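I opened my notebook to look up how this chain is put together. My entries follow.

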Amino acid sequence: MSEQEKFLKSLGKNIDKIRKKQGLSFQEMSLRCDIEKSNLVKLTSQGTNITVSSLYKIAKGLEVPVFELLKF
């Protein structure tokens with residue numbers, strides 16, 4: 001596994017941890033972040049690549065600073 005793949009998996013796991021801590025379902029998170037539920041599931045489970053715009057939407061939807069998503 002490449003360093004980039006490891007990074008993306010860690011990012012996805014951290015986002016999922018924050019989602020669970022807030023007691024949100026993927027559906028609720030999808031609505032808050034204005035991102036398709038299937039894309040969020042792929043991000044958190046498979047570590048798919050993400051745009052900066054999506055990272056921003058997720059941070060806003062979870063009401064955390066962007067850097068919090070990157071703390072892992």
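I looked up burial first. Of the 72 residues of the chain, 36% count as buried (under 20% relative accessible area with a 1.4 Å probe, protein chains only; exposed is over 50%, partly exposed in between).

I noted what I am reading. This is a predicted model, where local features need pLDDT of at least 70, side-chain atom pairs count only at pLDDT 80 or more, and totals for chains, interfaces and linings use all residues. Residues are numbered from 1 along each chain as its sequence is written, and side-chain values use heavy atoms, with hydrogens and water left out.

Next I checked secondary structure. The chain has five helices and zero strands (DSSP runs numbered from the N terminus: H or I of at least four residues for helices, E of at least two for strands). Along the sequence I read α-α-α-α-α.

Then I looked up overall dimensions. The C-alpha atoms fill a box of roughly 30 × 25 × 20 Å along the principal axes. The radius of gyration is 11 Å, which agrees with the value near 11 Å for a compact globule of 72 residues (taken over C-alpha atoms; the rule is 2.2 Å times the number of residues to the power 0.38).

I turned to one helix pair. The axes of H1 (residues 3-21) and H3 (residues 37-46) come within 6 Å and cross at roughly 115° (lines fitted to C-alpha atoms over the stretch in contact, with angles from 0 to 180 degrees between N-to-C directions). Which residues in H1 meet H3? Lys9, Gly12, Lys13, Ile15 and Asp16 in H1 meet Leu43, Thr44, Ser45 and Gln46 in H3 (contact means heavy atoms within 4.5 Å).
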